[in-house]
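Good morning, and thank you for the time. I would ask everyone to look at the structure on the screen while I go through a few of its details.

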Amino acid sequence: MESYDLVVAGGGSAGLTGARTAARLGARVLLAEVNEPGGDCLWTGCVPSKALLHAAARDGDFGAAMAQVRRAVAAVAPHDSAEALEAQGVAVVRGRARFTGPRTLEVERGEEGTRRVRFRYALIATGSAPALPPVPGLAGAGPLTSDTVWEPAEPPERMVVLGGGPIGCELGQAFARLGARVTVAEMADRLLPREEPAAGELLRERLEGEGVTVLTGFRAERVTDGAVHGPGGRVLPFGRLLVTTGRTANTSGLGLAAAGVAVTGRGEVQVDSRLRTANRRIYAAGDVTGRSAFTHTAGAQAAAAVTHALLGLRRGPDLTAAPWVTFTDPEVARVGMSAAQAKEHYGERARVRVLSHERVDRAVTDGRTDGFTALVIGPGGRIVGATVVAPRAGETIAHLATAVRLRWTAGEYAKTVHPYPTYADGPWQAALEEVYASLAAPGTRRATGALLALRRALRR
């Protein structure tokens, strides 16, 4: 039986990062993956969806858009390939991993037989898969998911998207721009329920302006041939149905019971603050834990888990300032607390500074003044969260993530000189307004007035 310092089950974002980190530390590493390495992000998620959005905005042709998707995936795939991993010191085996004991597992490789290995530590990084809600008739209607939406050779004439979260809004807007008549139906009372209400409302107005029908507070009751039925007899006809309402952890068939690894009622691997499972020799990271929904956070989790396992460094991943982005047009980016979360946590000590992008000169020159920046200010004037709605908001949020992580005050953020004219002017000007408001406070005004008077007197 072969022995490894670390065995990684799953070759998505968490698995790739964990395996590479361990190899760079000098460990002997094996990565087992059923399909080609890269995971959902490369093959069905981040890369193809962003390529589709770009192509849809550029020329609106379905064939050209899908060709762009294929080109983007083909360009990125070599970086995550088995050959690239092996060049970095990671042994890669194609097959399904299954634990056979607390420190052993086997990889079923089909006709090539079973490979049995022993490990010092293991990392479960098998990710998640789209899940269908329990709606009568839905499974039999042949719905598309984020995994299978790339299969149709022709654009659907009419598409219904169940789910108005990031994936539903992104794909709904893209397919509308590619010529489909799209309806986005969300069960909550607004699009993007996790974001600031103003962001969801702004995106709704933008989608409707592009011809998308947006329904909120819509719960699918049943699906019949070519139609979704909802409350009050509402019927949504479709040519293709796309479901983006949730995901489920890929833990089936892993032999977790044999390894002493516990799962939640939702099937997610239970981990502690350092991402250890009930078996302290086995860690888990990414979607399979239910604690990560993003590629970048999955990678951060995996790096922290592997470093703790191999080197004993006692720190977990710090995701308090991990930003995320909905890549619609305009983009919706957020980091840290929302306004509601800050009010709940800090009470009256929390406030929000909102700046309309009518005040941002780059937005004016681009004719894109419908966006906004919102800084969430906590005790001591520190920035504890932010939302940006604008073109390329994902780039703008990166600096705000640094501000949240380093606990900057609005004044400290305002001291940083930003390039002009850019959309980064929005957060900077919002921070300046917070500084100006503090200068206008009675106590501060009295202090500055006294200092001015003293300076005048000394000059005389």
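Thr409 is buried, at a relative accessible area of 19%; buried means under 20% relative accessible area, exposed over 50%, and partly exposed in between, with a 1.4 Å probe and protein chains only. This is a predicted model, in which local features need pLDDT of at least 70 and side-chain atom pairs count only at pLDDT 80 or more, while totals for chains, interfaces and linings use all residues. Residues are numbered from 1 along each chain as its sequence is written, and side-chain values use heavy atoms, with hydrogens and water left out.

Thr409 sits in the loop between helix 12 (393-405) and helix 13 (410-415). Helices (H or I, at least four residues) and strands (E, at least two) are DSSP runs, numbered from the N terminus. Leaving aside residues up to four places away in sequence, Thr409 touches Gly380, Gly381, Arg382 and Ile383, where contact means heavy atoms within 4.5 Å.

I turn next to salt bridges. A salt bridge here is a side-chain nitrogen of Lys or Arg within 4 Å of a carboxyl oxygen of Asp or Glu. The structure holds 26 salt bridges.

Which residue does Asp329 meet in a salt bridge? Its partner is Arg206, at 3.4 Å from N to O. Asp329 lies in the loop between strand 17 (324-326) and strand 18 (331-336), and Arg206 in helix 7 (residues 197-209), so the pair ties together parts that are 123 residues apart in sequence. Asp329 is buried at 18% relative accessibility, whereas Arg206 is partly exposed at 21%.

Arg206 also forms a salt bridge with Asp370, with the closest N and O atoms 4.0 Å apart. Asp370 belongs to the loop between helix 11 (361-366) and strand 20 (372-377), and Arg206 to helix 7, so this pair ties together parts that are 164 residues apart in sequence. Asp370 is partly exposed, with a relative accessible area of 35%. Through shared partners, salt bridges join Arg177, Arg206, Glu210, Asp329, Arg368 and Asp370 into one network.

Another salt bridge links Arg109 and Glu112, whose closest N and O atoms are 3.8 Å apart. Arg109 is partly exposed at 24% relative accessibility, while Glu112 is exposed at 61%.

That concludes my presentation.
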